[in-house]
Amino acid sequence: MIARREVWKYSDSGKVWVGKYRNSQNLLHWHPDCELLSVEHGKIDVFCEGKKHTLTEGQALYIDSGQVHYMSASDPDTVLIVIVFDYDIIRGFAENFRLSSPVLSGSYDLSSEYRALRETLLSRHPFFGAEAACRVLSLMIDIFRKEELEEKNLKDNRTTERFKQLLEEINARYRFISFGDAASFMGMSPSYFSRYFAKTTGITFSQQLNSVRTDNAVQLLRENDGKSMTEIADLCGFGTIRNFNRIFKEYTGFSPRELPRDYNMSVRFSYPSDRAFNPTLYDCELIESTMKN
C-alpha cells in the first residue's frame, strides 16, 4: 500500500479534530493541516523534518502544514494523543516562522487541552467550532512564544514543493524513471540529490522507487488476470525476473508466487497525490475521537 497526501475531514462547524491512537503506525505522508502529538503512554518514533525523533510518555511534537512525516510506535500498547487543525487558524503568525525543532521543549499540558477540545467538539453547542479554533489558537500562540523559532525560507519552500512533484513523478513513471532523471528534475547534482532525498524522507531514492514498483506488482498479482511473472516484472520496471524476485521478497517477505491473497504493503514509503487517503496502517487502532477522519 503506497501512501498519498492525507486530507482531513472536519465537522461542518469546525476545523479541529482530536483523537487517540493505540500502536500508531502510518506511512510517509503529509497534509495541509497542522498536527500536535503527545505520548500518553509508551514510546514512539516520529520521522519529521528530515530526522527521527523518539518520544516517550509526556513528550510532544508539532508537525507543521505540508511537512513530510511518518511514525511508528515502539510498543503496541503506546497511546498517542493527536490534535489536528486547519493551518488557517494560525496562518496570521505562523506564515513567516517555524519551530527550530518539532519536538516541544516547554510544558503545555496537552492532555488537558485535548480533553477540553474533545468536550467542546462533542458538545455541538452553538459556535462550538469557533470555540475549538480559539482554544487551538491560544495554545499555538503559547507554543510559538515559548519555543525557539526561525524564519521560514521561501527558497526551501519552493524546493519542498518541487520535491513533492518529484514523488508524483516517481508514482507516474516508476517503470522508467531513473536516479539521473530524478536528480535532473530537482535541478541537483547526483551527489547532492542523494543526500537531500535521504535527509528528507529517511530512505534512499532506490528504496522509494522499489517500494512503488513492488506495490504495483502486488496489485497486479492480486488482480490475477493471467499475466506471467515476466510480464509483471517488465510492467513494474524490474527488468529481469531475478531482480524482481529479489526485491519483491525484500519488501514483502514473500516470493511473487507465494504472496497471500489478502496481503497489504506495510512499508513506510510513499508518494503524494491529489486524492484523499488514510495513511494509517491496519495494525493501528483509533481508540477515541470526535468523529471519523
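Over which residues does pLDDT stay under 50, and how many contacts beyond four places in sequence does the model have for them? The stretch is residues 1–5, with 35 such contacts. pLDDT is the predictor's confidence in each residue, from 0 to 100; contact means heavy atoms within 4.5 Å.

This is a predicted model, in which local features need pLDDT of at least 70, side-chain atom pairs count only at pLDDT 80 or more, and totals for chains, interfaces and linings use all residues. Residues are numbered from 1 along each chain as its sequence is written, and side-chain values use heavy atoms, with hydrogens and water left out.

**Overall make-up**

- The chain holds nine helices and ten strands. Helices (H or I, at least four residues) and strands (E, at least two) are DSSP runs, numbered from the N terminus.
- Of the 293 residues in the chain, 48% are buried. Buried means under 20% relative accessible area, exposed over 50%, and partly exposed in between (1.4 Å probe, protein chains only).
- Among contacts in the chain with a separation of 6 or more, 76% link residues 24 or more positions apart.

**Confidence**

- The chain has an average pLDDT of 86, and 87% of the residues score at least 70.
- Confidence is highest in β5, at 98, and lowest in helix α4 (residues 154–172), at a mean of 82.
- Residues 266–277 also have a pLDDT below 50; this stretch has 58 contacts in the model beyond near neighbours in sequence.
- Where pLDDT is low, the predicted coordinates should not be read in detail.

**The sheet**

- Five strands make an open, antiparallel sheet, ordered β5-β2-β7-β1-β10. Two strands pair if DSSP finds at least two bridges between them.
- β5 (60–63) and β10 (285–289) are the edge strands, each pairing on one side only.
- From one strand to the next, the twist averages 25°. Axes are lines fitted to C-alpha atoms, for helices over the stretch in contact, and angles run from 0 to 180 degrees between N-to-C directions.
- Helix α2 (residues 110–123) packs on the sheet and touches β1, β2 (34–41), β5, β7 (79–85) and β10. The direction of α2 makes about 120° with that of β1.
- Four bridges link β1 (residues 16–22) and β10 in the antiparallel sense. Arg22 stands opposite Glu285 in β10.
- β2 and β5 run antiparallel and are joined by four bridges. Ser38 has Ala60 in β5 as its bridge partner.
- Ala60 and Tyr62 point one way from β5, while Leu61 and Ile63 point the other way; all are buried.

**Helix α7**

- Helix α7 (residues 205–223) has 19 residues and spans 28 Å from its first C-alpha to its last, close to the 27 Å expected at 1.5 Å a residue. The expected span is 1.5 Å times one less than the number of residues.
- α7 is largely enclosed by the rest of the structure, because 14 of its 19 residues are buried.
- Asn224 follows α7 and has a positive phi, near 50°.

**Nonpolar cores**

- The largest nonpolar core has 32 residues, of which Ile170, Phe193, Phe197 and Phe244 touch the most other members. Such a core is a set of buried Ala, Val, Leu, Ile, Met, Phe, Trp, Tyr and Cys residues joined through side-chain atoms within 4.5 Å.
- α7 gives the most to this core, with seven residues.
- Beyond its neighbours within four places in sequence, Phe244 contacts Ala217, Met229, Ile232, Ala233, Phe238 and Pro256.
- A second, separate core has 28 residues, including Ile89, Ile90, Leu99 and Leu117.
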